[in-house]
Amino acid sequence: MVEAEVLVIGGGATGAGVARDAAMRGFSTVLVDRDDLAMGTTGRFHGLLHSGGRYAVKDPPSAAECMEENRALRRIAADAIEDTGGLFVSTPWDDPAYPDLFHSGCIEAGIPVEILSTAEILRREPRLNPRISGGFAVPDGAIDAWKTVWGCALSAKEYGATILNYHRITAVHRSDGVVTGATAVNAISGEEVAISAGFVVNASGVWAGDVANLAGCEGVTVLPGKGIMIAMSHRLVHTVVNRCKKPADGDILVPIRTVSVIGTTDTEADGPDDVAIPQDEIQLLLEEGEKLVPGFRRARALRVWAGSRPLVKDDKADDADTREMSRAFALIDHKERDGVEHFLTITGGKFTTFRKMAEVTVDRMCEHLGTARSCTTAEEALPDSGHHRFYWLGARLARREETLNDDQLICECELISRRRLESAMEQRHTQNLDDIRRTLRLAMGPCQGGFCIYRATGILHSVERLDYSAANSALLRFLQERWKGVRPILYGDQLRQARLDDWIFQGLLDVEHLT
Amino acid sequence: MTAAGPGRVYDALVVGVGTAGLVTALRLAKQGADVLVTAKGVGATHLTSGTVDVLGYTPERVVNPAAALPDFVRDHPEHPYARAGLQAVGDALDWIKLQLPDGALVGSLEANFLLPTAVGVPKPSALAPETMAPGDLRNGGRFTIVGLAGLKDFYPAYLADNLSRARLGQEDNGRVEARAVTISPPTGGVADVTPMGWARRFEDTEFRKTVIAELEPSLDGGAVGFPAVLGLDSARTVWQELNDALGVPVFEIPTLPPSVPGNRMARALRAALTRAGGRVVMGGRVIGVRGAGERLEEVVVDAAARPKTYRARDYVLATGGFASRGLEMDSYGMVREAAFDLPVTGMPPNAEARWADEYLAAHPAARVGIGVDDELRPLDSGHGVVYENVRVAGAALAGAEPWREKSGEGISLATGLRAAELILERRGG
Ligand SMILES: Cc1cc2nc3c(=O)[nH]c(=O)nc-3n(C[C@H](O)[C@H](O)[C@H](O)COP(=O)(O)OP(=O)(O)OC[C@H]3O[C@@H](n4cnc5c(N)ncnc54)[C@H](O)[C@@H]3O)c2cc1C
Ligand SMILES: Cc1cc2nc3c(=O)[nH]c(=O)nc-3n(C[C@H](O)[C@H](O)[C@H](O)COP(=O)(O)OP(=O)(O)OC[C@H]3O[C@@H](n4cnc5c(N)ncnc54)[C@H](O)[C@@H]3O)c2cc1C
């Protein structure tokens, strides 16, 4: 039995943000996710810390909100942010009337915007198509979802919260129209855990309709709008590059660490768990990439993934009383909507605005609970970001150079040393190499684990004292996970690497006959 | 020698210095042919385990490849073994053992060894270096697996854990008992020593003494398995000395590339070829060919400074598969053979249907390659011979999934030797 004042369902950015905010305002809080944290839409997003430029023409209030939150996240989550800056450039395929609208939209939304000449843009980003005609600089950035979400979770923990990852909520308890807690099932052991909580926040993203149903609040429809992204090897650009046009498919390239990610698309998914990758969308992204960076098709594609945006369609309630702040996210008050008390659903929005969404949600909760406590999440930095220094690509190399002679390099692509790997394993205390991958970006570079996965398995076997079958399934599961991300983009150098990996894992190690 | 030479025409031009190319060239050179080998870079031989896997799974584990092969080629008529003929497989194993130094390869086509891989799976191989053979698990036994503290590519505890549970099937008797020991011989303060770095250290007598001294107290009479880093040029001496000093059978277990035993094999083949008078142009990527009707006339090689043209009576394409860029696929899904631009067969037209959902499943696109007739000559989609003076050997061939079948070096040897024999036969012996 777990007891808390507040139960937050869903450990994506939104839920982790809510848990941190609630804990910082002094509520005893428990955060629950059916998977590891940030494995839903949050771990599958594009990595862009929006300046708001993308919404400057279409949705000025969203744009302004993005810029405000961009500033807040720079204050509190520096370690998760790479301050790349952003460009909006016009290619020959883009509407020549758009740049003027864009410029005035940015000014209206309070987004710092600088007009750049073609020559200046090409000086900054020499790989861009020389046929572009001018553009703008805005304060976009790149943000790491795992670092941010784990930062929020650890901060919440410091304020006394409990984190229950790998726990799926299977029932929400109600008594006389008041929500009183939930039942969670441990996804690894199958054990049931009863959670008693005076207030429940449903932050389960595209699954929010299902979770609302568990509380008997029916008819909350969340349509999953699926988008795919492809990580290309190397930094083809060092700045976030957006096409200066009405937002569409494949028009943003985000540099993240050692890769560049192109995205995205938008189609209605077959349910919240549909992450299938259609070939025609890959071709579309490559086509658009070629317009931004000539030769894009010959660059190496490393990994492809899909995630779904939660788009709320609530027929039952009218906009005025259920949607707070901006049309970009939905705070559903189930007391007003369904007569169910102490239950809120918060979904939609963007990664960039998660902190704001959390603040609005906890404000509403305080109203319901008849207590006034103020929010401090926009000022206090996350645990690893107290130094207020943005993440810098050279950091790993610099750290690596310091220990060159006394530590082994386990992942050559992402420069992960044996000691860092071992301490991450000890901290996470997991039998799942994919958890380690997300914590350290292990195996996310060009070789996609060809070398380090065997090493990591051997190390995990000894650090966690696994028996042979647990270690084998960690290895095999990881290979299968990796396969899902490369299968749709097997061509060029990535196919070559995949074949080398076939030779290593099957030809040499014969892993398919592990017991 | 100048470009194109004043009319110089080689007897044979071989493209690629992997096992297939080297074997073809060596066989031809030994018969006195004037052979030129050109290759963009080294082959996969440097990365392999050093064993010669001929047929390991069909998908059941194969005990006796000689007995299993007739059914296998009947079921897989497009397989390189079917194209080369079964005779070629046996001939190639007999022949290669004679070309390499004593003990470089032992074993036979009639019985697969079961040798531990670096994750502790007993893998079926027809031939293996003598330095690996005592690791054979077919009769069970007691094993001590030795790790080196400064080697990140070998995890003895994990290996031993699996080895003790390895399923050896009914044909095998005896249980496997395995345990792990890690030693920390001096590395000169370096945390990360590469397999090649270890091999050099093992060639040093003083270093071996420290290994022996550290290991002796923890031996229990069982055979001792080391990662395959026991010396490069003098592996036989290193191995024999460890056997003698430790008083128990010592063996090597191959691990991640770059591979020390793979390098030994590649070096031995290159040395034999040089002795036989074959000439190798490294850095020579083939960028184009000129054909006339059914014959390939000349080959353009992108050598050091400028393209050179070479002419030969016969050509052998041994450029490997996707792993060596012998085959390439572009982002539209078009597959191309990179050197001679030969037709490629076996690619499912529908992108969604190329690869299975499960990584370890059979993949429809895995058998892509060059289709050949039973004289190993490339075929077009209408089954016509493209060039009658071109043979294809090794991993470039269509019809196999060698990493699953465990048939990599077996295919390269059999088709490489067969290509040479066909050229010699045509030439009238
Ligand atoms: C393709 C794409 C690209 C995007 N790119 C950007 C971008 O560049 N910048 C940006 O700012 N935003 C971006 N977004 C938007 C952003 O990713 C999302 O708005 C945000 O991540 C949503 O977070 P969340 O926490 O609400 O949802 P999620 O991250 O999906 O979290 C919900 C969680 O609930 C859990 N859950 C579900 N059911 C249960 C249950 N029964 N019990 C327990 N737990 C449960 C899930 O496991 C999941 O972890 C993108 C979205 C998509 C789809
Ligand atoms: C990691 C790994 C582990 C393996 N383990 C085993 C094992 O345990 N057992 C086993 O039996 N087999 C194993 N193999 C497989 C075996 O080594 C290969 O199947 C075999 O060596 C292929 O030989 P090949 O000569 O056909 O081609 P490769 O060895 O691939 O050689 C191709 C050659 O062609 C050259 N080339 C390519 N394109 C051009 C061009 N355009 N112009 C000029 N030259 C060109 C290349 O540079 C290279 O020299 C392994 C392979 C790998 C990669």
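Ligand 2 is surrounded by 36 residues, and the closest are B:Gly41, B:Ala44, B:Thr48, B:Ser49 and B:Ser324. A residue is counted here if one of its heavy atoms lies within 4 Å of the ligand. The model is predicted, so local features need pLDDT of at least 70 and side-chain atom pairs count only at pLDDT 80 or more, while totals for chains, interfaces and linings use all residues. Residues are numbered from 1 along each chain as its sequence is written, chains are lettered from A and ligands numbered from 1 in the order in which they are written, and side-chain values use heavy atoms, with hydrogens and water left out.

The site of ligand 2 is shared between chains, because residues from both A and B surround the ligand. Ligand 2 alone exposes 1,000 Å², and the protein buries 98% of that. Accessible areas come from the Shrake-Rupley method with a 1.4 Å probe; for residues, only the protein chains shown count as cover.

Several elements give two or more residues to the shell around ligand 2. Chain A provides α16 (492–508). Chain B provides β1 (10–17), α1 (19–30), β2 (35–42), β12 (285–292) and α11 (408–426). These helices (H or I, at least four residues) and strands (E, at least two) are DSSP runs, numbered from the N terminus.

Ligand 1 has 34 residues around it, and A:Thr14, A:Asp33, A:Thr42, A:Leu48 and A:Thr352 come nearest. A polar side-chain atom of A:Thr42 lies 2.5 Å from an oxygen atom of ligand 1. A polar backbone atom of A:Thr41 is 2.9 Å from a ligand oxygen atom. A backbone N or O atom of A:Leu48 lies 2.8 Å from a nitrogen atom of ligand 1. On its own, ligand 1 has 1,000 Å² of accessible area, and the protein covers 96% of it. Elements of chain A that each supply at least two shell residues include α1 (13–24) and β10 (167–175). The shell also draws at least three residues from each of domain 1 (2–40 + 146–221 + 326–369) and domain 2 (63–140 + 223–324) of chain A. Domain bounds come from an automatic or database domain assignment.

Chains A and B also meet directly. Here 58 residues of chain A are in contact (heavy atoms within 4.5 Å) with 54 residues of chain B. About 5,000 Å² is buried between the two chains, and carbon and sulfur atoms give 59% of this area. Buried area is the accessible area (1.4 Å probe) that two parts lose on being put together, summed over both. In chain A, the residues that lose the most area to chain B are A:Tyr454, A:Arg499 and A:Leu508, together 15% of what that side buries.

Key
Polar contact = N/O pair within 3.5 Å; in protein donor to acceptor, adjacent residues only side chain to side chain.
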